[in-house]
Amino acid sequence: LVDSELFGHVQGAFTGATHSKDGLFKHADTGTLFLDEIGNVPLTAQYHLLRALQEGAIRPVGGQEEHEVDVRVIAATSSALEDDVQKGRFREDLFYRLDVIRLEIPPLRERQEDILFLFAHFARKNAEDYNVERPDLEDDFIDSLINYEWPGNVRQLQNFTERMVLTYTGQRIGADVFERLVPFNSAEKKP
């Protein structure tokens, strides 16, 4: 399925392939393709991905013809690919092919100064999208927000903020509400 999404497939290539379909590489031709969580791609798909990057050509699943593509790939991962290479879970040659320019973004818990900025952005956007009033926050709510570890990083903060805006529209809320909004009711505090 990963190969089909990336490279497309021809009609009849597998059960349910009732028509041919272009993959993401074909759609991104002369542009950029963002591959999130590249460390989760199966080894067989990694081989095909490496080939596409090196040769500048793709072959749809079940197809015989190759199609040239000019695609810039940006890949992201939350895992340490070097460790995955050592453990045989990620191809070393693909790692070096992707590792041209590396941007390392520290987890949100190491960027406390970004938490309030992102939170305010998400709160404003969600309130506008749902046409509701943002909650009014007490100081202890903000303290909890900043001191929480955010193990799910920015995605967790974004979902948390949406849940808060929808659940407590226009209400004044404090740290007790923060504790209820955090998954598993486990607000982790920094030491």
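This is a predicted model: local features need pLDDT of at least 70, side-chain atom pairs count only at pLDDT 80 or more; totals for chains, interfaces and linings use all residues.
Author: Residues are numbered from 1 along each chain as its sequence is written, and side-chain values use heavy atoms, with hydrogens and water left out.

Reader: What makes up the secondary structure of the chain?

Author: Nine helices and six strands. Helices (H or I, at least four residues) and strands (E, at least two) are DSSP runs, numbered from the N terminus.

Reader: Why is the chain called more spread out than a compact globule?

Author: The radius of gyration is taken over C-alpha atoms, and the globule rule is 2.2 Å times the number of residues to the power 0.38. For 191 residues the rule gives 16 Å, and the chain has 22 Å, well over that value, so the chain is more spread out than a compact globule. The C-alpha trace spans about 65 × 40 × 30 Å along its principal axes.

Reader: Which residues of helix H7 are called buried?

Author: Buried means under 20% relative accessible area, exposed over 50%, partly exposed in between (1.4 Å probe, protein chains only). In H7 (residues 139-147), Phe141, Ser144, Leu145 and Ile146 are buried. Across the chain, buried residues make up 35% of the 191.

Reader: What do the buried residues of H7 pack against?

Author: Their partners are helices H6 (112-130), H8 (153-167) and H9 (175-181), together with strands E5 (136-137) and E6 (172-173). A contact here means heavy atoms within 4.5 Å. Among contacts in the chain between residues at least 6 apart in sequence, 67% join residues at least 24 apart.

Reader: What makes Tyr148 and Trp150 an edge-to-face pair?

Author: Rings of Phe, Tyr and Trp (its six-membered ring) pair if their centres lie within 6.5 Å; planes under 30 degrees apart count as stacked, over 60 as edge-to-face and the rest as tilted. The structure holds ten such pairs. Tyr148 and Trp150 are 4.6 Å apart centre to centre with 85° between the planes, so the pair is edge-to-face. Both residues are buried.

Reader: Which residues do ring pairs link into a cluster?

Author: Phe119, Phe141, Tyr148, Trp150, Phe160 and Phe178.
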